Amino acid sequence: DPQQAELATASKRKLRRFIVIDEVVDKLYGSKVREYFEENNVQHKILALPTTEETKSMDLVLNILHEVQNFSLDRRREPIIAIGGGVCLDIVGLAASLYRRRTPYIRVPTTLLSYVDASVGAKNGVNFLQCKNKLGGYTPPVASFLDRSFIRSIPRRHISNGLGEILKMALMKHKGLFDLLKNHGKYLLDTKFQSCNGLADHGDAALQTTRIAIETMLEELAPNLWEDDLDRLVDFGHLISPELEMRVLPSLMHGEAVNVDMAFMTFVAHARGLLRAEDKEQILQCMRGLELPVWHSGCSWALIQRALRERLKHSGGQLRMPLPTGLGVAEIFNDTSEETLERAYELWVRD
């Protein structure tokens, strides 16, 4: 914005920015980030931290807040910048929401998962008492800056991990997105979601896939940003996975745990007669094509029962179970019997 730029340069106060960056991202891009702020004459403090699921705690939030306090940040004019994956964005979002009750922050996602998931919406949080995101709030960022070039440096498994959340939106809301993943999944993995010229067979599959995934996510989240309505299609893949992910850390990444959950729920939908056998097979085939796990030994029947009991506690006494009723269409159900769930589980394990 030229007006803002003029005001910023006219001000006698030097531009200042506090940046929290994941320590792995710092090794890859830290020198470029520092060079950027130096060239633009911005006084800055860069805090590199290990932001992993295991370190996602209030201790790390307090660590950030100590540094923010020492930096003497202006809570109205100096947004905190978070550069990293979903864990980094979540931790910084919570820290910003706590400092002086609400300090603006900016999200810069560097993984595919955070690009299509954590960068969208208002939620932030940390793990507590071995429970995923048990502490947190709803404070949207002032901006999310999306740059797919970051994704070039992440391992193939991390690309697949992000594809799990994209597939969630495809199965719930968008048959066209499902077809993109089914037809171009291997290409997206091979090219790490970069837009490549001269590959007419694929078009710009990376741009189309990420754009549709984010747009469908926004369609779901925007009217219900603070989750006043607990019936949420975006909860697909998130009924069993929080319990599973925390139980087997670090063997499953978030998108992988979500996909294990989605695979089981696909069998539940089929067992209920909501999903044709050929659609079930198409979904599982697509998951395998995206190199996502469709089963995990840690996902026992006892764990599923425990996870669904937790779900009942925090969803107003109803399961609110999103299930696919076709490819790209879904509904929320509260009447899935234990017998149906157990039958689906047995078929899932057998297959």
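Is F37 buried or exposed, and at what relative accessibility? In this predicted model, F37 counts as buried, at 7% relative accessibility, because the cut-off for burial is under 20%. The ring of F37 also takes part in an aromatic pair: the centres of the Y36 and F37 rings are 5.3 Å apart and the planes meet at 80 degrees, so the pair is edge-to-face.

The count of aromatic pairs comes to seven. One of them joins Y29 and F150 in an edge-to-face arrangement, with 4.9 Å from centre to centre and 80 degrees between the planes. Y29 belongs to helix 2 (residues 23-39), whereas F150 lies in the loop between strand 7 (143-144) and helix 6 (156-173); the pair therefore ties together parts that are 121 residues apart in sequence. Y29 is buried at 15% relative accessibility, and F150 is buried with a relative accessible area of 13%. Elsewhere, ring pairs link F264, W301, Y345 and W348 into a cluster.

The largest nonpolar core comprises 72 residues, and L167, I240 and F264 have the most contacts inside it. Helix 10 (residues 254-271) gives the most to this core, contributing eleven residues. Because domain 1 (14-151) and domain 2 (155-224 + 232-350) both give residues to the core, it lies between them. When neighbours within four places in sequence are left aside, I240 is in contact with D261, F264, M265, C299, L303, I304, A307 and L308. Apart from this core lies another, of 25 residues, including L47, L65, F71 and A118. The face of F71 has R16 lying over it, at 4.1 Å from the ring centre.

Technical notes. Residues numbered from 1 in each chain as written. Predicted model: local features only at pLDDT ≥ 70, side-chain atom pairs only at ≥ 80, totals over all residues. Heavy atoms only, no water. Core = buried A, V, L, I, M, F, W, Y, C linked by side-chain atoms within 4.5 Å. Buried < 20%, exposed > 50% of the residue type's maximum accessible area, 1.4 Å probe, protein only. Helix = DSSP H or I, 4+ residues; strand = E, 2+ residues; numbered from the N terminus. Domains from an automatic or database assignment. Contact = heavy atoms within 4.5 Å. Phe/Tyr/Trp six-rings, centres within 6.5 Å; stacked < 30°, edge-to-face > 60°. Lys NZ or Arg CZ within 6 Å of the ring centre and 35° of its normal.
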